[in-house]
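Here's a quick tour of how one part of this chain packs together. Have a look at the model, then read on.

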Amino acid sequence: MKKTIITMLIALVAMVASAETYNYLKFTKTNGSTVTYSVEGLKLTYDNTNVYVTNAETSATIALAEVQDMYFSNEAAPSFILGDVNDDGARNIDDVTALIDYLLGTGSSINTDAANCNGDSIVNIDDVTALIDYLLSGSW
Ligand SMILES: [Ca+2]
Ligand SMILES: [Ca+2]
């Protein structure tokens, strides 16, 4: 049944893609992260547990259980994780510390795109609050 649904999903995506030219295949994962793959040389296969993506640049395996959404897009996923201030791939209290140190002028460099947690145009104490709220609640 799951395989049938996936087959239908891939067929639907292929039909939609043929209507317009897109640059990326984008996956939204259940943890909220997104990942994009260039359609250049794109090959998509799957089995009962994984989707296998191969293109001209890379190959990747994505667990079906992690896939929330899959669609073609002209926009690549952002190259940072919102709130991952220190760019180590995880969001935790170390990012709060790094952000506070940055605001105090005592820390090392940070990813200012990832540090702008509330999505306005500046990095300030409001982003510390937003990041702490996220860490406590699990949602932005
Ligand atoms: Ca981090
Ligand atoms: Ca901000």
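## Around Ala114

Leaving out residues up to four places away in sequence, Ala114 touches Phe80, Ile81, Leu82, Gly83, Asp84, Val85 and Asp87 (contact: C-beta atoms, placed from the backbone, within 7 Å).

This is a predicted model, where local features need pLDDT of at least 70 and side-chain atom pairs count only at pLDDT 80 or more, while totals for chains, interfaces and linings use all residues. Residues are numbered from 1 along each chain as its sequence is written, with chains lettered from A and ligands numbered from 1 in the order in which they are written.

## The cores

Ala114 also turns up in the largest nonpolar core, which has 14 residues; Val85, Leu99, Ala114, Ala115, Cys117 and Leu131 have the most contacts inside it. Such a core is a set of buried Ala, Val, Leu, Ile, Met, Phe, Trp, Tyr and Cys residues joined through C-beta atoms within 7 Å. Buried means 20 or more other C-beta atoms within 10 Å of the residue's own, exposed 12 or fewer, with partly exposed in between.

Two or more residues each come from α2, α3 and α4 (helices are DSSP runs of H or I, at least four residues, numbered from the N terminus). The largest share, four residues, is from α2. Apart from this core lies another, of five residues, including Tyr24, Leu25, Tyr37 and Val53.

## Helix α4

Asp127, Val128, Ala130 and Leu131 are buried in α4. Seen down the axis, the buried residues of α4 fall within an arc of 165°, so they line one face (the arc is that of the directions from the helix axis to the C-beta atoms). They pack against α2 (93-104) and α3 (112-115). On the other side of α4, Ile125, Leu136 and Ser137 are exposed. Just after α4, Gly138 takes a positive phi of about 85°.

Notes:
Contact = placed C-beta atoms within 7 Å.
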